[in-house]
Amino acid sequence: MKHLLSTEHMSLEDALLILDTAEEMAASQERSIKKLPVLRGHTVATLFFEDSTRTRLSFETAAKRLSMDVISFSAKGSSLSKGESLKDTAQTICAMGAEALIVRHRADGAPMRLADAGWIDVPILNAGDGRHQHPTQALLDAMTMRRHLHTGGNNKAPVGSTLKGSHIIIVGDILHSRVARSNVQLMSTLGAKVTLVAPPTLVPVGIEQWNCDVMYDFDEALAMQPDAVMMLRVQHERMSSAGGGFFPSPKEYQRAYGLDAARVAHMKESTIVMHPGPMNRGLEITAEVADSARSVVTEQVANGISVRMAALYLLLAHGQEIEQ
Ligand code: NCD
């Protein structure tokens, strides 16, 4: 692995290597002293051209837990053309000693361009590009699901275990969601069955090529008794105005596609409720469900640190032992 850009062509072997390494990282995070010395003296930079709370903090925390130094850059509304600003920024930051770049950009494909253009020669980790990919989010979701599937709770999953035999439904704003796209690809590589549920206006063109089923009725999908239900945020900022004509009204959306206690009551006991955050409480998920025992949202956040530690370690430690 030279970069972590996408889950599209990620092999089962690489996915399992990252997930198994993430479990080792998670074990180290249960100790009172969480910092591992393995990447001491190395520097990583976060380049965020689009807003973020948890992904950026999670990557920074992961790097610090590996004893790395972190340089942070965030840009808002740069007047330079995207290609130029990206190239200049990346070259400047590499000249300051960054050995890997963690990149979030509103343009689809920006991190891939950085990896391929030959402007710089360091590993690139994609922290979300446009509507395209968000590989570390899919990996943390897979880690969370794998744990629940194999242990019935939030415990270490067996080495090499997959998601074979499980069923996940992903519900909501698929159209604008890099999380959905990355998850469909990774979960199917890991052997899960994936069903997407959304209003027809929020389903992307070309969905037939994705490795999943599509349904329009949330209650019918829930009747299949999935093992996990992942709710997606309605991405108002990617719509022209609130709702943007994608659905009649927030109330209608909530009625047809929102997860509330009445819908949860139809799930089997072991079904988990996931959300990548940030949540629109009262729209795609009620506060009651978000705060309920079934919700694994905070586990997702914690697993995100382990997965990002694993990714940085695998890209930068060149086979050094995690524990020295
Ligand atoms: C997601 C993202 O940025 O794509 N959030 C995240 O990384 N935790 C999903 C979202 O913004 O709705």
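Let's start with helix α11, residues 297–316: at 1.5 Å a residue its 20 residues should span 28 Å, and its end C-alpha atoms sit 29 Å apart, which agrees. (The expected span is 1.5 Å times one less than the number of residues; helices, H or I with at least four residues, and strands, E with at least two, are DSSP runs numbered from the N terminus.) Keep in mind that this is a predicted model, where local features need pLDDT of at least 70, side-chain atom pairs count only at pLDDT 80 or more, and totals for chains, interfaces and linings use all residues. Residues are numbered from 1 along each chain as its sequence is written, and side-chain values use heavy atoms, leaving out hydrogens and water.

**Helix α11**
- Of the 20 residues in α11, 16 are buried, so the rest of the structure largely encloses this helix. Buried means under 20% relative accessible area, with exposed over 50% and partly exposed in between (1.4 Å probe, protein chains only).
- After α11 comes His-318, which has a positive phi, near 45°.

**The sheet**
- Five strands make an open sheet with parallel pairing, in the order β7-β6-β5-β8-β9. Two strands pair if DSSP finds at least two bridges between them.
- β7 (213–215) and β9 (272–274) are at the edges with a single partner strand each, so one side of each has no neighbour in the sheet.
- From one strand to the next, the twist averages 20°. (Axes are lines fitted to C-alpha atoms, for helices over the stretch in contact, and angles run from 0 to 180 degrees between N-to-C directions.)
- β5 (residues 167–171) pairs with β6 (residues 193–197) in the parallel sense over 5 bridges. Val-171 has Val-197 in β6 as its bridge partner.
- Lying across β5, β8 (228–231) and β9 is helix α5 (residues 135–151), which runs at about 175° to β9.

**Around the ligand**
- The residues surrounding the ligand include Arg-54, Thr-55, Arg-104 and Gln-137; a residue counts if one of its heavy atoms lies within 4 Å.
- His-134 has a polar side-chain atom 2.7 Å from a ligand oxygen atom. You'll find a polar side-chain atom of Arg-178 2.7 Å from an oxygen atom of the ligand, and for Arg-233 the distance is 2.7 Å too.

**A look at Thr-7**
- Thr-7 is in the segment before α1 (12–28), and it counts as buried because its relative accessibility is 0%.
- Leaving aside neighbours within four places in sequence, Thr-7 has contacts (heavy atoms within 4.5 Å) that include Gln-133, Pro-135 and Leu-186.

Methods. A polar contact is a pair of N or O atoms within 3.5 Å; within protein, one must be able to donate a hydrogen and the other to accept it, and residues adjacent in sequence count only if both atoms are side-chain atoms.
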